[in-house]
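Here is a short briefing to read beside the model. Keep the sequence and the 3D view open.

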Protein chains: 2
Amino acid sequence: MADLLVVGSVALDSVSTPFGKAREVLGGSATYFSYAASFFTNVRLVATVGEDFPAEHIALLKDRGIDTTGLQVSRGRTFRWVGEYGYDLNEAKTLDTQLNVFADFKPMLPGALKKSPFLFLANIAPELQLDVLRQMDRPLLAALDTMNFWIQGKREALLRVLSEVDVLLINESEARQLAREPNLIKAARAVLKLGPRTVVVKRGEYGAVMVSNGHFFFVPAYPLESVFDPTGAGDTFAGGFMGYIAAQGVVDQPTVRRAIVYGSVMASFTVEDFSLNRLKTLQPDEVERRYAAFQDLVRFDI
Amino acid sequence: MADLLVVGSVALDSVSTPFGKAREVLGGSATYFSYAASFFTNVRLVATVGEDFPAEHIALLKDRGIDTTGLQVSRGRTFRWVGEYGYDLNEAKTLDTQLNVFADFKPMLPGALKKSPFLFLANIAPELQLDVLRQMDRPLLAALDTMNFWIQGKREALLRVLSEVDVLLINESEARQLAREPNLIKAARAVLKLGPRTVVVKRGEYGAVMVSNGHFFFVPAYPLESVFDPTGAGDTFAGGFMGYIAAQGVVDQPTVRRAIVYGSVMASFTVEDFSLNRLKTLQPDEVERRYAAFQDLVRFDI
């Protein structure tokens with residue numbers, strides 16, 4: 001079991017979906033990621049919160065064994081996001097973003113964290129992602145997430161950091177946007193020419209596809225009768241994916257495929273409730289049962 | 001190997017896609033279906049064409065061993081469809097529909113065809129689908145396709161024939177429309193309450209999902225760098241699906257799962273060129289190689 005470092009956001013989210021509302025609940029890319037990854041391996045979190053951040057949230061992460069020495073408490077208020085989803089639930093509409101302390105986030109890695117063999121650069125400014133990479137001894141595997149905002153506004157910086165990572169996790173529409181190519185298969189191949197050896201495209205209710213070294217691997221989304229709140233699904237997916245790989249300590253094709261299924265498993269739980277509510281009650285045997293259910297979803301050579 | 005009867009349309013299509021144009025080429029639901037199914041089993045075609053229908057098209061079907069005794073040549077012109085696709089290729093825009101002889105299509109099954117153990121009711125008016133079912137000795141397996149036009153305009157008749165078939169093949173958006181339910185999983189379960197034991201939802205570039213008897217089965221679409229023309233993909237899928245089942249002569253869960261993969265295999269070839277052009281050169285070993293490739297696309301418990 002190897003150490004996994006994540007750098008990203010810890011936030012307070014206010015979300016409304018067709019099924020309910022939640023106000024100022026625990027959110028943020030690094031939060032969902034680290035909580036999901038903690039089911040598999042040792043996680044180290046680097047992020048910033050304000051003085052108003054509830055201590056109970058930090059206790060929640062520590063209770064999962066997450067190393068929070070890199071979680072900086074800064075003067076000011078915590079990053080807040082306000083969003084809503086309509087019935088299709090595939091895309092959030094952002095109503096308000098208050099960056100607060102996150103606006104001045106400058107990740108400084110404590111010495112011990114610089115040697116983490118597995119690294120996830122969650123969706124933050126590409127210059128910061130590159131800066132984190134520079135502070136580290138080269139990890140065995142570095143993965144990165146990004147979004148339309150950086151693809152459009154910080155393309156040069158994004159291409160720079162992309163050229164130095166191993167895995168890109170990205171939404172389907174953003175993969176097309178990054179590659180400037182409507183066909184997803186061509187887009188994925190184009191992305192691979194930018195640096196990463198592996199691209200994992202997240203397709204929401206259609207699951208995920210990995211393209212690597214001439215191989216394609218598809219996994220469906222778990223069939224849920226009610227997707228309650230999709231917030232955090234992508235970061236939870238990344239947490240399960242990277243957590244499983246770090247736990248195995250190897251990066252071969254069979255491991256990466258199983259990791260994508262574990263990512264899908266974890267994401268399928270997150271969307272069943274607001275915030276980390278479902279993950280908080282999740283038991284390891286439930287994870288294994290849903291993994292087995294994924295096998296049944298796609299098996300046909302029987 | 002058991003006989004498979006299809007009732008549907010034979011048409012002359014004019015199609016434009018971002019990659020080219022084709023004028024008055026062979027098309028129609030029963031055409032794509034029967035050609036694809038002929039790779040697996042004995043197919044019997046019931047449809048109508050006009051006096052202008054090129055004899056070479058009938059010869060093409062006969063060369064595949066398709067029984068065309070139910071293909072009626074009526075006074076008048078053949079059914080014509082004119083459509084175009086934009087870059088997303090997921091939905092055709094119909095520019096013109098000339099029903100011609102198809103407007104008076106009243107399928108009359110020659111005696112020998114009434115005993116076909118496998119039946120596919122392609123996308124025609126639900127009253128005609130029911131009338132065909134009434135003419136037959138109850139098949140071992142009856143499957144049906146439909147579309148938004150009938151869901152909206154002939155709902156009662158559609159519900160009537162649905163209550164008497166075993167399998168519904170339907171597009172994703174039409175499944176939601178039929179069930180009046182945005183969540184696909186709930187929609188599929190609602191459709192199962194209307195009669196069919198199995199529903200197969202066609203999701204275009206996202207593949208297909210089958211729901212039956214508490215089981216879900218997902219298959220991705222084959223990753224193609226260029227989808228040249230999606231016309232006929234759904235009917236080709238149905239042809240591969242029903243053709244494989246009829247060839248096996250059994251309708252258990254493993255057979256139905258493999259049938260969905262064969263349907264996906266056949267559809268992946270059709271979209272590589274206009275009309276039946278790709279299927280015309282397709283060899284059985286290419287079908288088997290692509291089936292094996294599908295296994296590699298989803299396999300992870302290795």
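This is a predicted model: local features need pLDDT of at least 70, side-chain atom pairs count only at pLDDT 80 or more; totals for chains, interfaces and linings use all residues.

- Four strands of chain A form an open sheet in the order 3-2-6-7, and the pairing is mixed.
- Its edges are strand 3 (20-27) and strand 7 (93-98) of chain A, each of which pairs on one side only.
- From one strand to the next, the twist averages 15°.

**Strand 2 of chain A and its partners**

- Strand 2 of chain A runs antiparallel to strand 3 of chain A, and six bridges join them.
- On this side, A:Asp13 has A:Val25 of strand 3 as its bridge partner.
- With strand 6 (residues 80-84) of chain A, strand 2 (residues 11-17) of chain A pairs in the parallel sense, over five bridges.
- Here A:Ser14 stands opposite A:Val82, and A:Val15 has A:Gly83 as its bridge partner.
- Is strand 2 of chain A largely enclosed or open? Five of its seven residues are buried, so the rest of the structure largely encloses strand 2 of chain A.

**How the chains meet**

- Chain A superposes on chain B by a rotation of 180°, with 0.0 Å of shift along the axis and an RMSD of 0.0 Å.
- The two copies are therefore related as by a two-fold rotation axis.
- Why can the copies be said to meet through the same surface? Of the interface residues of chain A, 100% are also interface residues in chain B, so the surface is the same on both copies.

**Helix 9 against helix 11 in chain B**

- Helix 9 (residues 253-270) and helix 11 (residues 284-298) of chain B pack at an angle of about 115°, and their axes are 9 Å apart.
- The crossing of helix 9 and helix 11 of chain B is right-handed.
- Helix 9 of chain B brings B:Val261, B:Tyr262, B:Ser264, B:Val265 and B:Ser268 to the contact.
- They meet B:Val287, B:Arg290, B:Tyr291 and B:Phe294 of helix 11 of chain B.
- The residues of this contact divide into six nonpolar, two polar and one charged.

**A loop residue: B:Leu194**

- B:Leu194 lies in the loop between helix 7 (184-192) and strand 11 (198-202) of chain B.
- B:Leu194 has 15 other C-beta atoms within 10 Å, so it counts as partly exposed; a buried residue would need 20 or more, an exposed one 12 or fewer.
- Which residues does B:Leu194 contact, leaving aside neighbours within four places in sequence? They are B:Leu159, B:Leu162 and B:Ser163.
- B:Asn213 is 19 residues from B:Leu194 in sequence and 14 Å from it in space, C-alpha to C-alpha.

Conventions: Residues are numbered from 1 along each chain as its sequence is written. Chains are lettered from A and ligands numbered from 1 in the order in which they are written. Two strands pair if DSSP finds at least two bridges between them. Helices (H or I, at least four residues) and strands (E, at least two) are DSSP runs, numbered from the N terminus. Axes are lines fitted to C-alpha atoms, for helices over the stretch in contact, and angles run from 0 to 180 degrees between N-to-C directions. Copies are superposed by least squares on the C-alpha atoms of residues with pLDDT of at least 70 in both. Two residues are in contact if their C-beta atoms, placed from the backbone, lie within 7 Å. A crossing is left-handed if the near helix is turned anticlockwise from the far one by less than a right angle, and right-handed if clockwise. Ala, Val, Leu, Ile, Met, Phe, Trp, Tyr, Cys and Pro count as nonpolar, Asp, Glu, Lys and Arg as charged, and the others, Gly among them, as polar.
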